[in-house]
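Visitor: I am new to this structure and would like a close look at a single part of it. Please take me through that part slowly, and then show me how it sits within the rest.

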Amino acid sequence: MRYRITLIACLWLAACSTVSKPKDDSYRLEHFAPDSPFEQSFEVSPSAACEAGRRALLSQGYLIEESKPDAVRAKKFFQPDRSTQVQLTFSLFCLSEGDGSAVYANVRQMREELKAGSASTGLSVTGIGSLSLPFGGNNESLVKVGEETVTDSEFYGRFFALMQSFIR
(Lines give C-alpha, C1' and ligand atoms only; values in the text may rest on other atoms or scores of the structure.)
Protein backbone atom coordinates (compact mmCIF):
# COMPACT_ATOMS: atom_id res chain seq x y z
CA MET A 1 0.00 0.00 0.00
CA ARG A 2 2.81 2.36 0.91
CA TYR A 3 4.47 1.76 -2.49
CA ARG A 4 1.21 2.51 -4.31
CA ILE A 5 0.86 5.85 -2.58
CA THR A 6 4.49 6.69 -3.38
CA LEU A 7 3.99 5.63 -7.01
CA ILE A 8 0.80 7.69 -7.34
CA ALA A 9 2.52 10.71 -5.77
CA CYS A 10 5.47 10.38 -8.16
CA LEU A 11 3.19 10.09 -11.19
CA TRP A 12 1.16 13.08 -10.05
CA LEU A 13 4.31 15.20 -9.57
CA ALA A 14 5.63 14.13 -12.97
CA ALA A 15 2.35 15.10 -14.62
CA CYS A 16 2.33 18.49 -12.89
CA SER A 17 5.92 19.26 -13.81
CA THR A 18 5.50 18.59 -17.53
CA VAL A 19 5.89 21.88 -19.29
CA SER A 20 3.60 22.17 -22.25
CA LYS A 21 4.99 24.11 -25.17
CA PRO A 22 2.58 26.67 -26.63
CA LYS A 23 1.22 25.44 -29.92
CA ASP A 24 1.89 27.69 -32.91
CA ASP A 25 -0.86 27.11 -35.44
CA SER A 26 -0.04 30.08 -37.70
CA TYR A 27 0.10 27.78 -40.70
CA ARG A 28 -3.65 27.23 -40.29
CA LEU A 29 -4.16 30.86 -41.33
CA GLU A 30 -2.66 30.07 -44.76
CA HIS A 31 -5.39 29.64 -47.38
CA PHE A 32 -3.41 29.25 -50.64
CA ALA A 33 -6.17 31.02 -52.56
CA PRO A 34 -5.79 31.44 -56.34
CA ASP A 35 -6.90 35.09 -56.12
CA SER A 36 -3.75 36.31 -54.36
CA PRO A 37 -3.25 40.02 -53.64
CA PHE A 38 0.51 39.46 -54.09
CA GLU A 39 0.36 38.90 -57.88
CA GLN A 40 -0.45 41.07 -60.89
CA SER A 41 -0.06 40.45 -64.63
CA PHE A 42 1.35 43.08 -66.99
CA GLU A 43 1.62 43.13 -70.78
CA VAL A 44 5.32 44.02 -70.81
CA SER A 45 8.51 42.04 -70.43
CA PRO A 46 9.65 41.04 -66.93
CA SER A 47 12.55 43.54 -67.06
CA ALA A 48 10.19 46.39 -68.08
CA ALA A 49 7.78 45.41 -65.30
CA CYS A 50 10.54 45.35 -62.67
CA GLU A 51 11.81 48.72 -63.90
CA ALA A 52 8.29 50.14 -63.46
CA GLY A 53 8.18 48.63 -59.98
CA ARG A 54 11.57 50.15 -59.11
CA ARG A 55 10.43 53.58 -60.29
CA ALA A 56 7.15 53.27 -58.37
CA LEU A 57 9.05 52.44 -55.17
CA LEU A 58 11.54 55.28 -55.71
CA SER A 59 8.64 57.71 -56.24
CA GLN A 60 7.33 56.81 -52.77
CA GLY A 61 10.60 57.29 -50.90
CA TYR A 62 11.79 53.67 -50.75
CA LEU A 63 15.53 53.05 -50.64
CA ILE A 64 16.47 50.49 -53.30
CA GLU A 65 18.76 47.87 -51.78
CA GLU A 66 18.95 45.52 -54.76
CA SER A 67 17.83 45.91 -58.35
CA LYS A 68 18.08 43.16 -60.96
CA PRO A 69 16.23 42.79 -64.27
CA ASP A 70 13.83 40.32 -62.62
CA ALA A 71 13.83 41.40 -58.94
CA VAL A 72 13.83 44.50 -56.75
CA ARG A 73 14.25 44.83 -52.98
CA ALA A 74 13.62 48.13 -51.21
CA LYS A 75 13.11 49.50 -47.68
CA LYS A 76 11.31 52.40 -46.12
CA PHE A 77 11.29 53.51 -42.47
CA PHE A 78 8.49 55.13 -40.49
CA GLN A 79 8.44 56.52 -36.96
CA PRO A 80 4.81 56.71 -35.79
CA ASP A 81 5.92 58.03 -32.39
CA ARG A 82 9.12 58.74 -30.45
CA SER A 83 9.56 55.20 -29.16
CA THR A 84 8.47 53.15 -32.20
CA GLN A 85 10.09 52.53 -35.56
CA VAL A 86 8.47 50.56 -38.38
CA GLN A 87 10.38 49.22 -41.35
CA LEU A 88 8.75 48.01 -44.57
CA THR A 89 10.86 45.69 -46.71
CA PHE A 90 9.46 45.37 -50.22
CA SER A 91 10.41 42.41 -52.44
CA LEU A 92 9.32 42.35 -56.07
CA PHE A 93 9.84 39.45 -58.49
CA CYS A 94 9.05 39.67 -62.22
CA LEU A 95 8.61 36.42 -64.16
CA SER A 96 7.79 35.69 -67.77
CA GLU A 97 4.14 34.80 -68.43
CA GLY A 98 3.08 34.30 -72.03
CA ASP A 99 3.68 37.55 -73.92
CA GLY A 100 3.88 39.56 -70.71
CA SER A 101 4.94 39.11 -67.12
CA ALA A 102 3.64 38.11 -63.75
CA VAL A 103 4.81 40.36 -60.94
CA TYR A 104 4.87 39.07 -57.37
CA ALA A 105 5.13 41.54 -54.51
CA ASN A 106 5.74 40.78 -50.85
CA VAL A 107 6.11 43.30 -48.04
CA ARG A 108 7.36 42.52 -44.54
CA GLN A 109 6.67 44.94 -41.72
CA MET A 110 9.08 44.95 -38.80
CA ARG A 111 8.31 46.89 -35.64
CA GLU A 112 10.96 48.03 -33.16
CA GLU A 113 10.40 49.83 -29.88
CA LEU A 114 12.72 51.88 -27.76
CA LYS A 115 13.53 50.06 -24.52
CA ALA A 116 15.40 51.61 -21.62
CA GLY A 117 18.14 49.75 -19.85
CA SER A 118 20.06 50.61 -16.73
CA ALA A 119 23.78 50.60 -16.32
CA SER A 120 25.84 50.23 -13.16
CA THR A 121 29.49 50.33 -12.28
CA GLY A 122 31.31 48.37 -9.61
CA LEU A 123 34.02 49.49 -7.22
CA SER A 124 36.11 47.05 -5.24
CA VAL A 125 38.18 48.18 -2.24
CA THR A 126 40.60 45.72 -0.65
CA GLY A 127 39.59 44.85 2.87
CA ILE A 128 36.19 46.56 2.65
CA GLY A 129 34.47 44.70 -0.21
CA SER A 130 32.75 45.75 -3.37
CA LEU A 131 30.13 48.36 -4.04
CA SER A 132 27.88 48.65 -7.09
CA LEU A 133 26.65 52.12 -7.97
CA PRO A 134 24.10 53.11 -10.59
CA PHE A 135 25.76 54.78 -13.53
CA GLY A 136 23.97 57.95 -14.58
CA GLY A 137 23.17 57.68 -18.25
CA ASN A 138 20.53 56.90 -20.76
CA ASN A 139 20.97 53.40 -22.16
CA GLU A 140 18.04 53.14 -24.60
CA SER A 141 18.06 50.85 -27.62
CA LEU A 142 15.65 49.71 -30.32
CA VAL A 143 14.38 46.18 -29.75
CA LYS A 144 12.55 44.15 -32.39
CA VAL A 145 9.07 43.37 -31.08
CA GLY A 146 7.47 41.82 -34.15
CA GLU A 147 7.62 41.10 -37.86
CA GLU A 148 4.90 40.02 -40.24
CA THR A 149 3.96 39.85 -43.91
CA VAL A 150 1.60 42.61 -45.00
CA THR A 151 -1.51 40.89 -46.41
CA ASP A 152 -3.75 43.91 -47.13
CA SER A 153 -5.03 43.50 -50.71
CA GLU A 154 -5.80 47.24 -50.98
CA PHE A 155 -2.16 48.06 -50.17
CA TYR A 156 -0.92 45.81 -53.00
CA GLY A 157 -3.67 47.08 -55.31
CA ARG A 158 -2.48 50.68 -54.80
CA PHE A 159 1.11 49.63 -55.50
CA PHE A 160 0.24 47.72 -58.71
CA ALA A 161 -1.88 50.69 -59.92
CA LEU A 162 1.05 53.05 -59.32
CA MET A 163 3.37 50.59 -61.02
CA GLN A 164 1.05 50.51 -64.06
CA SER A 165 1.44 54.29 -64.40
CA PHE A 166 5.20 53.82 -64.92
CA ILE A 167 4.79 51.27 -67.73
CA ARG A 168 5.41 52.88 -71.12
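Guide: Let us begin with one cysteine, C50, which is buried, because its relative accessible area is 2% and the cut-off for buried is under 20%. Please keep in mind throughout that this is a predicted model. C50 forms a disulfide with C94, and the two sulfur atoms lie 2.1 Å apart. In general terms, a disulfide is a covalent bond between the sulfur atoms of two cysteines. The link between C50 and C94 is right-handed, with 105 degrees about the S-S bond. It connects distant parts of the chain, since C50 belongs to helix 2 (residues 46–59) and C94 to strand 4, 44 residues apart. C94 also counts as buried, at 2% relative accessibility. A search of the whole structure finds 1 disulfide, and this pair is that disulfide.

The side chain of T89 makes a polar contact of 3.2 Å with the side chain of Q87. Leaving aside residues up to four places away in sequence, T89 touches R73, A74, K75, N106, V107 and R108.

The side chain of R73 meets that of E66 in one of them, at 2.7 Å from N to O. R73 is partly exposed, with a relative accessible area of 35%, and E66 is likewise partly exposed, at 24%. R108, for its part, meets E147 in a salt bridge of 2.8 Å, again from N to O. Because E147 lies in strand 8 (residues 139–149) and R108 in strand 5 (residues 100–117), this pair ties together parts that are 39 residues apart in sequence. E147 is partly exposed, with a relative accessible area of 37%, and R108 is partly exposed too, at 36%.

A further salt bridge joins the side chains of E113 and K115, at 3.5 Å from N to O.

Stepping back to the chain as a whole, we find 3 helices and 8 strands, and from the N terminus on the elements run α-β-α-β-β-β-β-β-β-β-α. Among contacts between residues at least 6 apart in sequence, 55% join residues at least 24 apart. The chain exposes about 12300 Å², of which carbon and sulfur atoms supply 55%.

How values were computed. Residues numbered from 1 in each chain as written. Predicted model: local features only at pLDDT ≥ 70, side-chain atom pairs only at ≥ 80, totals over all residues. Heavy atoms only, no water. Polar contact = N/O pair within 3.5 Å; in protein donor to acceptor, adjacent residues only side chain to side chain. Contact = heavy atoms within 4.5 Å. Disulfide = S-S within 2.5 Å. Helix = DSSP H or I, 4+ residues; strand = E, 2+ residues; numbered from the N terminus. Buried < 20%, exposed > 50% of the residue type's maximum accessible area, 1.4 Å probe, protein only. Areas by Shrake-Rupley, 256 points an atom, 1.4 Å probe, with all protein chains shown as cover. Salt bridge = Lys/Arg side-chain N within 4 Å of Asp/Glu carboxyl O.
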